[in-house]
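Good morning, and thank you for coming. I should like to take you through one structure today, with the model on the screen as we go.

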Amino acid sequence: MAQAFFNEQGDFNQNLILQSSAENASASARPNLSGVTNNNINSTISYDNDAITLNYTGTGSTEWYYGLAEAYANMSDSVLSFDKTYTISVDVKGTAPSVAFRVSNTFSPTTKINNDTWTRAVYTFSIPNLTGTTLNKFYIRLNATATSDTAGFVKGQTLRFRHFKLEEGNTATAYTSAPEDGVTDANMKYGFGFMGVAYDDENGNKPYVDEAQVDITSIE
């Protein structure tokens, strides 16, 4: 007989992005990948209670984005690798026409956005290893995109984002915070989460639970 923790987690993968919610964020606590630099380019950044907002300060077709891993990050400093498939997703809205992820010079398909409702942008990718001076380096960005290169952008356009998720595999699962953030999200569903008394059964298999002592969702 022994004490044991029994739980059944919801259907989600671990989020590799820290401080990923972008809610009540700050310059020191915003979406980032451990070990590499994050940044915003050609925009001001504001931290709202429900999201982060970029406001375009450039002109014409000047690129603007939020960099989760700014160029050029050393792969060895990050939690990622070149030999795996990843899926990145984020809620976006704003007055910019659309968004795209940019992973080491490769753009994802664009996702159209509006300023009224959140849209989930999703992209599955593998990180290509570059050559020359950028060997073993990479970057990952969320870019605002224009309707065309000639159309460009308008100063003051906005891009808002929240609930970043980067996970291994080719499927975007429900948003959850990274375990390192110590947050229990609504999508972290525990069908059974309790401390109980575990016994061997009559065939010597273990454990099974005879009685639950208290409902909990984590182990201290």
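R141 is buried, with a relative accessible area of 9%; buried means under 20% relative accessible area, exposed over 50%, and partly exposed in between, computed with a 1.4 Å probe and protein chains only. Please bear in mind that this is a predicted model, in which local features need pLDDT of at least 70 and side-chain atom pairs count only at pLDDT 80 or more, while totals for chains, interfaces and linings use all residues. Residues are numbered from 1 along each chain as its sequence is written, and side-chain values use heavy atoms, with hydrogens and water left out.

With which residue does R141 form a salt bridge? The partner is E63, and the closest N and O atoms are 3.7 Å apart. A salt bridge here is a side-chain nitrogen of Lys or Arg within 4 Å of a carboxyl oxygen of Asp or Glu. This pair links distant parts of the chain, since R141 is in strand β11 and E63 is in the loop between β4 and β5, 78 residues apart. Strands and helices are DSSP runs, numbered from the N terminus: a strand is E with at least two residues, a helix H or I with at least four.

E63 also meets R102 in a salt bridge, at 2.8 Å from N to O. R102 belongs to strand β7, and 39 residues separate it from E63. E63 is partly exposed at 27%, whereas R102 is buried at 17%. Together, E63, E70, R102 and R141 are linked in a network of salt bridges. As a general point, side chains of opposite charge can pair when their charged atoms come close.

The structure holds eight salt bridges. Another of them joins R160 to D48, with the closest N and O atoms 3.2 Å apart. R160 lies in strand β12 and D48 in the loop between β3 (43-47) and β4, so the pair ties together parts that are 112 residues apart in sequence. R160 is buried, at 14%, and D48 is partly exposed, at 25%.

Let us return to R141 and turn to rings. The charged end of R141 sits over the ring of Y139, 4.2 Å from its centre. The rule for such a contact is that NZ of Lys or CZ of Arg is within 6 Å of the ring centre and within 35 degrees of the ring normal. K93 likewise lies over the face of W118, at 4.8 Å from the ring centre.

Rings may also pair with one another. Rings of Phe, Tyr and Trp (its six-membered ring) pair if their centres lie within 6.5 Å; planes under 30 degrees apart count as stacked, over 60 as edge-to-face, and the rest as tilted. By this rule the count comes to 10 aromatic pairs. One of them is Y56 with W64, a tilted pair at 5.0 Å centre to centre and 35° between the planes. Both Y56 and W64 are buried. Elsewhere, ring pairs link Y86, F101, Y123 and F125 into a cluster.

Next comes the nonpolar core. Such a core is a set of buried Ala, Val, Leu, Ile, Met, Phe, Trp, Tyr and Cys residues joined through side-chain atoms within 4.5 Å. The largest one has 38 residues, and those with the most contacts inside it are L80, I140, F164 and L166. Strands that each supply at least two residues of this core include β5 (65-74), β11 (137-145) and β12 (158-168). Which residues does L80 touch beyond four places in sequence? Among them are L16, L33, Y86, I140 and L166, where contact means heavy atoms within 4.5 Å.

Two backbone details deserve mention. The peptide bond from A71 to Y72 is cis, with omega near -10°, and Y72 is found in strand β5. H163, in strand β12, has a positive phi near 55°. In general, most residues other than glycine have a negative phi, and most peptide bonds are trans.

Finally, a word on confidence, given by pLDDT, the predictor's confidence in each residue from 0 to 100. The mean for the protein is 85, and 79% of its residues reach 70 or more. Over residues 190-201, however, pLDDT is below 50. Residues 3-8 also stay under 50. Where pLDDT is low, the predicted coordinates should not be read in detail. Thank you for your attention.
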